[in-house]
Amino acid sequence: MKKLIIAGLAIALSACAATESNDGAATAVVAPESVTLGGMTNEEATKTLFEALIHKNYLATMVSPNRIALQFDDNQFLLQPSINPNGIDRIMMNRFYAVHPKLRGSRELLILIGTLNHKLNFAKFTLRENGAVIQVQGAATFVNTIELEEIRRFMLWTDEGLRQVGLSLPKGSEQLIKPIPVMQQSQSL
């Protein structure tokens, strides 16, 4: 009798598994290869870009209606779409570095920022908050639609440029200029 009940359950379960049902079934979301942002407000473009990045498995957080914090390898970027209805659109990509109080307002720091801006073309370096923060800003430009691969490659290019800048600085500079995190992450993961 036990064998008959087990056989009946096995047949019933296999019949249920073979039955296809579309009622309430979740559909898989395919990760986009590109994202169209033209014709949107900056806030709409930010939300659309954020959703595309999440579907592409990036670790991202909306930090304001028009800014996305993004973890990329060991670094964090702040992305900000800037949509121009009559021209070229862009996504501003920012990284921020804290400046040690010993270096703030120093002539050496001003010369360093001026030299970087004069000699390099991958980003613009700006001192903010009375010299307490260095902002590194680049822009990926596009017309209406941008490939997510293009964004990834731009971040790789920026990372490599900043790595080269770091290698050219005097030894010990990493103790005076440190990256500022732009997103909260759980250290327990």
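Start with the second largest pocket, whose lining divides into 7 nonpolar, 2 polar and 2 charged residues. (Ala, Val, Leu, Ile, Met, Phe, Trp, Tyr, Cys and Pro count as nonpolar, Asp, Glu, Lys and Arg as charged, and the others, Gly among them, as polar.) Before you click on, note that this is a predicted model, where local features need pLDDT of at least 70 and side-chain atom pairs count only at pLDDT 80 or more, while totals for chains, interfaces and linings use all residues. Residues are numbered from 1 along each chain as its sequence is written, and side-chain values use heavy atoms, leaving out hydrogens and water.

**Stop 1: the second largest pocket.** Select Leu103, Glu108, Leu109, Leu112, Leu169, Pro170, Lys171, Gly172, Ser173, Leu176 and Ile177 to see the lining. A pocket here is an open set of points on a 1 Å grid over the protein atoms alone, where a 1.4 Å probe fits, with protein on both sides within 12 Å along at least five of seven lines; lining residues have an atom within 4 Å of a point. The volume is about 190 Å³, counted as the space filled by probe spheres set on the points, which are joined across faces, edges and corners.

**Stop 2: the largest pocket.** Now pick Tyr97, Leu162, Gly166, Leu169 and Ile177, which lie nearest its centre among 20 lining residues. This pocket holds about 400 Å³ of space. Colour helix H4 (148–168) too, as H4 gives the largest share of the lining, 5 residues. (Helices, H or I of at least four residues, and strands, E of at least two, are DSSP runs numbered from the N terminus.)

**Stop 3: the cores.** Show Leu49, Leu53, Leu79, Ile91, Met93, Ile151 and Met155, the residues with the most contacts inside the largest nonpolar core, which has 24 residues. Such a core is a set of buried Ala, Val, Leu, Ile, Met, Phe, Trp, Tyr and Cys residues joined through side-chain atoms within 4.5 Å; buried means under 20% relative accessible area, exposed over 50%, partly exposed in between (1.4 Å probe, protein chains only). H2 gives the largest share of this core, 5 residues. Apart from it lies another core of 14 residues, including Leu109, Ile113, Val136 and Ile177.

**Stop 4: two loops.** Zoom to Asn57, between helix H2 (42–55) and strand E2 (59–64). Its phi is near 70 degrees, a positive value in a residue other than glycine. Then try Asp73, in the loop between strand E3 (67–72) and strand E4 (75–82), with phi near 55 degrees.
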